[in-house]
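Colleague: Please put the model up. I have a few things to ask about it.
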Amino acid sequence: MSSTQQPSSKKQTLFIASLIILWYSSNIGVLLLNKYLLSNYGFKFPIFLTMCHMSACAFFSYISIVFIKLVPLQPIKSRPQFLKIATLSVVFCCSVVGGNISLRYLPVSFNQAVGATTPFFTALFAYLMTFKREAWVTYAALVPVVTGVVIASGGEPGFHWFGFIMCISATAARAFKSVLQGILLSSEGETLNSMNLLLYMSPIAVLVLVPTALVMEPNVLEVTKSLGSQHRYMWLLLFINSTLAYSANLSNFLVTKHTSALTLQVLGNAKGAVAVVMSILLFRNPVTAVGIGGYTMTVLGVVAYGEAKRRFR
């Protein structure tokens with residue numbers, strides 16, 4: 001290898017490593033800050049918090065695409081395409097709100113264990129909605145995914161039924177959105193990259209979430225102002241949290257673009273484990289050997305599922 005190729009290879013490696021660090025810190029950071037705000041800080045408004053996230057995503061998406069030109073702007077070409085994007089936005093809202101609500105009642109570690117079952121719901125919805133079948137080995141790999149969560153539920157000291165229902169609903173909605181997106185935006189000329197999709201979904205989500213928050217969380221503005229006057233870092237935390245929500249989407253797009261699907265899958269599985277360890281260290285929530293065993297089984301099942309899909313595609 002020539003001397004000119006070596007520096008460029010090192011730069012590329014450093015660039016990808018920086019993207020992965022940004023991806024990890026953004027995803028884990030927004031998750032832990034959500035938990036801190038919703039459970040430990042007295043800010044018990046998950047719908048309003050999601051609205052803040054979507055507002056930041058709308059603002060930063062517009063800046064990065066229209067002004068910075070991070071990716072080319074893909075215009076909406078028809079009314080039916082807009083309606084499809086609006087449908088995806090509502091499902092996306094349900095997923096994020098459900099996940100944030102669950103953090104009020106469940107430890108981050110258990111939240112991540114339930115969230116790891118996303119491949120199970122994705123395979124289920126893909127079969128029910130598109131009749132797409134996988135090899136039997138692929139479906140067999142999903143057995144430990146579900147079994148692990150059942151075991152982890154039994155061994156979770158902080159188990160809460162409402163939080164669990166919200167978490168499993170959010171996980172199912174996330175899987176449903178990915179399958180629905182493949183169906184609705186699959187025709188030629190309608191496919192959007194994830195950054196343009198976020199640009200269009202975010203403002204729609206804000207329009208849905210503002211009235212929802214005002215109706216379901218009627219005292220949110222008064223309490224938020226009160227917390228802001230009591231805690232001088234309240235507004236800064238909300239701003240950082242919302243910015244991290246956009247950064248998580250941006251870094252996910254960039255890591256997907258610059259790495260392989262297999263690398264992304266491995267990194268994604270490891271990210272969940274890192275989030276669990278960090279949450280236990282920060283929030284000191286009690287864990288049991290049964291709970292750890294169940295989560296480990298789920299993660300190994302997800303790894304096996306990904307490998308089976310790759311081999312028997």
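Colleague: Which residues in H3 meet H8, and which in H8 meet H3?
Modeller: From H3 there are Lys-84, Thr-87, Leu-88, Val-91, Phe-92, Ser-95, Gly-98, Gly-99, Ile-101, Ser-102 and Tyr-105. H8 brings Phe-162, Gly-163, Met-166, Cys-167, Ala-170, Ala-173, Arg-174, Phe-176, Lys-177, Leu-180, Gln-181 and Leu-184. Contact means heavy atoms within 4.5 Å, and the helices (H or I, at least four residues) and strands (E, at least two) are DSSP runs, numbered from the N terminus.

Colleague: How many residues of each class in that contact?
Modeller: The contact of H3 with H8 has 13 nonpolar, 7 polar and 3 charged residues. Ala, Val, Leu, Ile, Met, Phe, Trp, Tyr, Cys and Pro count as nonpolar, Asp, Glu, Lys and Arg as charged, and the others, Gly among them, as polar.

Colleague: What is this model based on, and which cut-offs apply?
Modeller: The model is predicted: local features need pLDDT of at least 70, side-chain atom pairs count only at pLDDT 80 or more, and totals for chains, interfaces and linings use all residues. Residues are numbered from 1 along each chain as its sequence is written, and side-chain values use heavy atoms, with hydrogens and water left out.

Colleague: What is the mean pLDDT of the chain?
Modeller: The mean is 90, with 96% of the residues at 70 or more; pLDDT is the predictor's confidence in each residue, from 0 to 100.

Colleague: Is Ser-95 buried or exposed?
Modeller: Ser-95 counts as buried, at 7% relative accessibility. Buried is under 20% relative accessible area, exposed over 50%, partly exposed in between (1.4 Å probe, protein chains only). Leaving out residues up to four places away in sequence, Ser-95 touches Ala-170, Ala-173 and Arg-174.

Colleague: And what does Thr-171 touch?
Modeller: Thr-171 is in H8 and is buried, at 1% relative accessible area. With residues up to four places away in sequence not counted, Thr-171 touches Val-114, Gly-115, Thr-117, Thr-118 and Phe-121.

Colleague: New topic. How do the axes of H7 and H13 cross?
Modeller: The axes of H7 (residues 142-154) and H13 cross at roughly 165° and come within 7 Å. That makes H7 roughly antiparallel to H13. H7 passes H13 in a left-handed crossing, and by class their contact has 11 nonpolar, 6 polar and no charged residues.

Colleague: Where is Gly-306?
Modeller: Gly-306 is in H13 (residues 289-311), and at 10% relative accessibility Gly-306 is buried.

Colleague: Last one: what is the phi of Lys-69?
Modeller: Lys-69 has a positive phi of about 60°, although Lys-69 is not a glycine. Most residues other than glycine have a negative phi. Lys-69 lies in the loop between H2 and H3 and is exposed, at 60% relative accessible area.

Colleague: What about Phe-131?
Modeller: Phi of Phe-131 is also positive, near 60°. Phe-131 sits in the loop between H5 (118-130) and H6 (136-140), and at 66% relative accessibility Phe-131 counts as exposed.

Terms used
Axes are lines fitted to C-alpha atoms, for helices over the stretch in contact, and angles run from 0 to 180 degrees between N-to-C directions. Angles under 35 degrees count as roughly parallel, over 145 as roughly antiparallel, 65 to 115 as roughly perpendicular and the rest as oblique. A crossing is left-handed if the near helix is turned anticlockwise from the far one by less than a right angle, and right-handed if clockwise.
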